[in-house]
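Here's a quick walk through one protein model, written for someone who likes to know the cut-offs. Take a look at the structure first, then read on.

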Amino acid sequence: MAGLVPPGTSSDASKPAHSKADEKTDYMNLPCPIPYEELHREALMSLKPETFEGLRFDFTKGLNQKFSLSHSVFMGPTEIPSQSAETIKIPTAHYEFGANFIDPNLMLIGRVLTDGRLNARLKWDLSDNFTVKANAQLSNEPHMSHGMFNFDYKGKDFRSQFQMGNGALFGASYIQSITQHLSLGGEVFWAGQHRKSGIGYAARYETDKMVM
């Protein structure tokens, strides 16, 4: 009988067996990588988790689906950069008031601290591929106020970003998916006020169980 299978054999025996090693990379259908700036955040979260000494209290109250207010109190030492190996800590305490507006295409965040600093952040999705970001800080301390604009473009399998800020600061970054799991990127910057420039490279490998 043509429909019968001999004992000890399986109907799947005639089908070719494919393993993961035989799978070929479809270079025309690669995933879009994460933004280049996210690589720095992933590394900091893994290598230097956020810790602090003292007391911190955060409270957020939503007024409607898009607008909310936040309150934050912090008491503890603040580390000050020093040329010596010894860390300098100064006791500080401040209160922070914030207002947040979050929309599917627009995000506005503002913070006011008791020491006189004002922080503002904007994220505006002009389209599915193009995003504008802005960050600003106003302070009474000299040379501590700054502003920066980021222009992000999201492609099918790549991301690019151009930055410009006060002090003649310019930067650009690009990251490209090479395979389904590997992406490579690089960045350049120029700080005209301090006459400094730099270049950096990064690689990210991701699987279902790890990221490196």
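This is a predicted model: local features need pLDDT of at least 70, side-chain atom pairs count only at pLDDT 80 or more; totals for chains, interfaces and linings use all residues.

## Ground rules

Residues are numbered from 1 along each chain as its sequence is written, and side-chain values use heavy atoms, with hydrogens and water left out.

## The overall layout

The protein has 1 helix and 11 strands; these are DSSP runs (helices H or I, at least four residues; strands E, at least two), numbered from the N terminus. Going along the sequence, the pattern reads α-β-β-β-β-β-β-β-β-β-β-β.

Of the 212 residues, 18% are buried, where buried means under 20% relative accessible area, exposed over 50%, and partly exposed in between (1.4 Å probe, protein chains only). Taking contact as heavy atoms within 4.5 Å, residues 24 or more positions apart supply 28% of the contacts with a separation of 6 or more.

## The sheet and its helix

What is the strand order in the open sheet of 11 strands? It runs β1-β2-β3-β4-β5-β6-β7-β8-β9-β10-β11, with antiparallel pairing. The edges are β1 (55-62) and β11 (196-205), each pairing on one side only. On average, neighbouring strands are turned by 15 degrees against each other, direction ignored. Two strands pair if DSSP finds at least two bridges between them; β1 and β2 (residues 67-80) have 8, in the antiparallel sense. Gly62 sits opposite Ser68 in β2.

Helix α1 (residues 36-47) lies across β6 (130-138), β7 (146-154), β8 (158-165), β9 (169-177), β10 (182-191) and β11, at about 75 degrees to β11. Axes are lines fitted to C-alpha atoms, for helices over the stretch in contact, and angles run from 0 to 180 degrees between N-to-C directions.

## Thr92 and its surroundings

Back to Thr92, which belongs to strand β3 (residues 88-102). Thr92 is partly exposed, at 28% relative accessible area. Leaving out residues up to four places away in sequence, Thr92 touches Phe74, Met75, Gly76, Pro77 and Thr78. Thr92 and Phe74 are 18 residues apart in sequence and 8.1 Å apart in space, C-alpha to C-alpha.

## An aromatic cluster

Searching the whole structure turns up 2 aromatic pairs. Rings of Phe, Tyr and Trp (its six-membered ring) pair if their centres lie within 6.5 Å; planes under 30 degrees apart count as stacked, over 60 as edge-to-face and the rest as tilted. Tyr153 and Phe158 have ring centres 6.1 Å apart and planes at 35 degrees, so that pair is tilted. For Phe158 and Tyr174, the centres are 5.6 Å apart and the planes at 25 degrees, so this pair is stacked.

Phe158 lies in β8 and Tyr174 in β9, so their pair ties together parts that are 16 residues apart in sequence. Ring pairs link Tyr153, Phe158 and Tyr174 into a cluster. Tyr153 is partly exposed at 40%, as are Phe158 at 22% and Tyr174 at 37%.
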